[in-house]
Amino acid sequence: MNVPNSFRTGPDENGHFGIFGGRFVAETLMPLILDLQTAYEDAKADPAYKAEMEAGLKHYVGRPSPLYFAERFTEHLGGAKIYFKREELNHTGSHKVNNVLGQILLARRMGKPRIIAETGAGQHGVATATLCARYGLKCVVYMGAVDVARQAPNVFRMKMLGAEVVPVKSGSSTLKDAMNEALRDWVTNVHDTFYCIGTVAGPHPYPAMVRDFQSIIGHETREQMLEAEGRLPDSLIACIGGGSNAMGLFHPFLDDPSVKIWGVEAAGHGIPSGQHAASLTGGRPGVLHGNRTYLLMDDDGQIAEAHSISAGLDYPGIGPEHSWLHDTGRATYISATDQEALNAFQLVSKLEGIIPALEPAHALAKVIELAPTLPKDHLMVVNLSGRGDKDIPQVAEILGTKI
Amino acid sequence: MSPRFEARFKACAAEGRAALVTFITAGDPDRETSLALLKALPAAGADIIELGVPFTDPMADGPAIQAAGLRALKAGQTLAKTIEMVREFRKDDATTPLVLMGYYNPVYIYGVDRFLKDAKEAGVDGLVVVDLPPEEDGELCLPALKAGLAFIRLATPTTDDKRLPAVLANTAGFVYYVSIAGITGAATPDADRVKQAVARIKRHTTLPVAVGFGVKTPTQAAEIAGGADGVVVGSALIDALRATLGEGDTATPATVPAVTSLVSALAQAVRGARRAAAE
């Protein structure tokens, strides 16, 4: 594989990152995707749009999010100096809102009064419902029936915010099926509906657009680390379902070769069990949901059901740019099991007074493994992409506590 | 390019009528029943056959075809077995055009070149691959044309005049007009609007235009047939099939006849359509 001069120039005009990405959608959606691309290009060049974004991020989302030195966690592990990028402090409790703000402002520019979204853990659904409430837009969220059951607090939040939550019972009743159903809605309601995709996947321009909106995480981290330590971090680590929080952190650092990049997929019950959601570790390139990327599937090309304790990582694919970073070797992808994530969830709660969501608990699990092997002057940033309030009922049940 | 399409559309036109295009899912509810049904379709009045390739995530399909695909997969259907079904079908039928319809991933994993070779040899005439728009022609459309298989494109209500030439550029066999913005088997198309849309497409191409998505009854089929070269019926056949299934979605003696009798009724309606219009 040729190593490019820059890792930050993709995708090409057809939405390709190497062989990954593209626009694999039904003809009905093709004109909509082309319209979206034009509208996004126009918006990017418009100072009014930029100003509206900046104001929203500052006054509504609460940015910048802090870069916090996790002192007791660092001491406990006895190696690398660990910083948390505190995306869980954003309004709505995760990084998802960064992207949703960008897309909702775009939907307003395009004159689309109806917003649809898919959601796994419910964080993207909550962020979408929130901004639809803020701007008076109709909101329909598709969520797998299994996820509706295990993320009850977020379902209630979305309904409080005025969104309609549609439980999806087809297939495995999780995130991939929610995405199928959202695409079916979009193909049916082409004239008034904007599809707000929650991650760096889907047909072009979504992977690039969502990455752009999330890149504020990495840009802030860069400035904050320079201010705190006078230099760039030595490593970045983030969990990956579709991979938007990770891409947001990674992208501004891709051309800094001194910065080591780790992505953490969900290993579920362990890769050998076959019950996991680690597309890069356990999958191969294929085509689903509008893009070519690494996918979990069988030998006939039938998509496999992913498994993870975390509803937000329970997806058999991954954003195409991650697939490309994997193949080029710029980023290293590892995985954490359900049990490792649960352990990290509890440890970080006790040591730092921060209850992480089960999703970033996967990244924290690998920090627990990696940090002790690294020198004390190694600066490591972990993206604390969401807070764990939504996971309390599920974790309590697993730990055998009745609440 | 696959002479079977041309011959069949010409024959239908000579009878002053549209072609009836029937869709079933390969392997639904099991391989034997599905093969028996496939073989029975031409005699029941199907002019062209679309054989659905099951996929776990059929984004453009409604509940009926989604369920059919899952039944087939559960019974062990694969793309290789579907191609094998076509080979069996061709032993008795050398003239009915047959189209494989599905999604790209199973083909991509099978291997494009190997797939085109095997499909062509088995007697497949054309392909409809829902998630390959003209923007991705390099993937399968151009290699298929080179291999002598028609790549049948979907044109939809959102395909405007500006975009139509791109959609039609590498199309062969016929054009499949998707009569509604939506999924298969959902809303009912409006016959007058469909007629206008077909006329619009015909200003851009000499290929026959078949119309599908949402055509369920013989009456609807006749209406649509009045303004198109072909009418496609899928979900309604799948519904008829499903209604006969026993416990655990197993076939019963009623399964094949239920579908073929609906096909006969549809064929009769389509055959009557232009005659009625002419009288």
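A residue is taken as buried if 20 or more other C-beta atoms lie within 10 Å of its own. I keep this cut-off in view throughout, and I note at the outset that the model is predicted.

**Entry 1: helix H13 of chain A**

I looked up the burial of helix H13, residues 320–328 of chain A, and found the helix mostly covered. Seven of its nine residues are buried. I list these as A:Pro320, A:Glu321, A:His322, A:Ser323, A:Trp324, A:Leu325 and A:His326. I then checked what comes after the helix: H13(A) is followed by A:Gly329, with a positive phi near 85 degrees.

**Entry 2: the domains of chain A**

I turned to the division of chain A into domains. Domain 1 takes in 17–57 + 96–210, and domain 2 takes in 62–93 + 215–398. I looked up the distance between their centres, taken over C-alpha atoms, and it is 22 Å. For the contact, I found 40 residues of domain 1 of chain A touching 40 residues of domain 2 of chain A.

I next asked which elements of chain A give two or more residues to the domain 1 side of this contact. They are strand E2 (20–24) and the helices H4 (96–109), H5 (123–135), H6 (145–150), H7 (152–160), H8 (175–188) and H9 (206–214). The largest share of that side, five residues, comes from E2(A). By class, I record 19 nonpolar, 16 polar and five charged residues on the side of domain 1 that touches domain 2.

**Entry 3: chain A against chain B**

I then looked up the contact between the chains. Here 28 residues of chain A are in contact with 34 residues of chain B. On the chain A side, the elements giving two or more residues are E2, helix H1 (30–44), H8 and strand E11 (284–288). H8(A) gives the largest share of that side, six residues. I sorted the chain A side by class and noted 13 nonpolar, 10 polar and five charged residues.

**Entry 4: two helices of chain B**

I examined helix H4 (residues 79–92) and helix H6 (residues 112–122) of chain B. Their axes come within 8 Å and cross at roughly 20 degrees. Angles under 35 degrees count as roughly parallel, and H4(B) and H6(B) are therefore roughly parallel to each other. The crossing in which H4(B) passes H6(B) is left-handed.

I looked up the residues that meet. From H4(B) they are B:Ile83, B:Val86, B:Arg87 and B:Arg90, and from H6(B) they are B:Asp118, B:Ala119 and B:Ala122. The residues of this contact comprise four nonpolar, no polar and three charged.

**Entry 5: two single residues**

I located B:Ser2 in the segment before helix H1 (3–14) of chain B. Is B:Ser2 buried or partly exposed? I found 18 C-beta neighbours inside 10 Å, so B:Ser2 counts as partly exposed. Leaving out residues up to four places away in sequence, B:Ser2 touches B:Pro97, B:Asp125, B:Gly126, B:Gly148, B:Leu149, B:Ala150 and B:Gly173. I also looked up B:Glu88, 86 residues apart from B:Ser2 along the chain; their C-alpha atoms are separated by 19 Å.

I located A:Asp12 in the segment before strand E1 (16–17) of chain A. This residue has 11 C-beta neighbours inside 10 Å and therefore counts as exposed. A:Gly22 lies 10 residues apart from A:Asp12 along the chain, and 9.4 Å separate their C-alpha atoms.

Note on methods:
Residues numbered from 1 in each chain as written. Chains lettered and ligands numbered in written order. Predicted model: local features only at pLDDT ≥ 70, side-chain atom pairs only at ≥ 80, totals over all residues. Axes fitted to C-alpha atoms, helices over the stretch in contact; angles between N-to-C directions. Helix = DSSP H or I, 4+ residues; strand = E, 2+ residues; numbered from the N terminus. Parallel < 35°, antiparallel > 145°, perpendicular 65-115°, else oblique. Left-handed = near helix turned anticlockwise from the far one by under 90°. Contact = placed C-beta atoms within 7 Å. Nonpolar A, V, L, I, M, F, W, Y, C, P; charged D, E, K, R; others polar. Buried ≥ 20, exposed ≤ 12 C-beta atoms within 10 Å, placed from the backbone. Domains from an automatic or database assignment.
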